[in-house]
Amino acid sequence: THKNPRIDGEIFGFNQTTGDKSSYFSLRDQQLEGHISTINGDSLKVRMFFKTFDDYIETARAAGFEIVQVKEARVQPEHLSVKKDFFESLNDKPLHLVFKLRKPQSMQSNNKGSLHAANTLNTLPKRLNWPKVAMRNPANAFQLVIPDEAERELTEAAIHCYENGISVNDLQDGTASLSQDFVSLRVFAHDCRMALLHETGLVLLKGLDLGAFGVAESERLVVCSRLPPHILFV
């Protein structure tokens with residue numbers, strides 16, 4: 001969603017601390033604090049990172065998506081008929097942008113049947129802007145702890161690759177794939193890709209016990225320890 005920081009009323013608003021009320025491009029990537037009121041009278045504290053219309057368009061294109069349609073969400077007549085006193089102050093104002101995107105068929109077919117069928121890191125934008133809140137709290141923003149069940153399956157998958165002669169290169173070029181259905185691993189891999197594609201563009205994984213691959217400096221340990229990132233992301 002894209003909210004206009006210049007709307008400042010009873011229902012919702014954002015506090016612009018720099019520039020004047022006509023500022024737009026200079027607000028890019030700034031964190032704005034604000035509030036949104038609910039129909040039942042509650043007031044919720046919210047925040048947003050301001051993005052320009054160009055930011056949304058270029059990010060979608062850089063990720064390889066086709067923009068099918070863009071709509072400006074607004075208060076509809078049915079909203080006014082239900083709660084006019086609540087929606088009246090927002091009437092005739094743009095509230096959100098709604099994008100309908102299409103993934104090209106070539107992207108869908110290239111990923112079919114792989115562990116990461118839902119998304120591909122080939123669509124990662126070339127430019128990433130890390131918000132200040134992420135830089136102030138890197139441990140929370142960039143670190144992902146591998147859940148116990150996903151860690152067990154990731155260990156099994158790496159050992160399976162080692163025992164069957166599946167190398168990092170085999171995983172990268174798609175000549176080999178995992179035959180086992182690692183359910184928890186697939187879910188965690190999806191979460192990792194979401195963080196990479198749509199959030200930080202960087203993740204630090206924690207929680208993998210390399211000792212499960214063998215004794216120190218053994219061939220099995222060396223080979224198996226290289227496999228997990230490629231199992232998750234390639």
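Me: At roughly what angle do the axes of helix α6 and helix α8 cross?

Reply: First, the general idea: two packed helices are described by the angle between their axes and the distance between the axes. Now this case, which is a predicted model. The axes of α6 (residues 148–163) and α8 (residues 183–198) cross at roughly 105 degrees. They come within 8 Å. Angles of 65 to 115 degrees count as roughly perpendicular, so α6 and α8 are roughly perpendicular to each other.

Me: Which residues in α6 and α8 meet?

Reply: From α6, E149, A150, E153, L154 and A157. From α8, V183, S184, L185 and F188. By class, this contact has 6 nonpolar, 1 polar and 2 charged residues.

Me: Which residues in α6 are buried?

Reply: Buried means under 20% relative accessible area. In α6 that takes in A150, E151, E153, L154, T155, A157, A158, I159, H160 and C161. Their cover includes α7 (168–173), α8 and α9 (219–233).

Me: How far apart are the end C-alpha atoms of α6?

Reply: They are 23 Å apart. The 16 residues of α6 should span 22 Å at 1.5 Å a residue, so the two values agree. Just after α6, G165 takes a positive phi of about 70 degrees.

Key
Residues numbered from 1 in each chain as written. Predicted model: local features only at pLDDT ≥ 70, side-chain atom pairs only at ≥ 80, totals over all residues. Heavy atoms only, no water. Axes fitted to C-alpha atoms, helices over the stretch in contact; angles between N-to-C directions. Helix = DSSP H or I, 4+ residues; strand = E, 2+ residues; numbered from the N terminus. Parallel < 35°, antiparallel > 145°, perpendicular 65-115°, else oblique. Contact = heavy atoms within 4.5 Å. Nonpolar A, V, L, I, M, F, W, Y, C, P; charged D, E, K, R; others polar. Expected span 1.5 Å × (residues − 1). Buried < 20%, exposed > 50% of the residue type's maximum accessible area, 1.4 Å probe, protein only.
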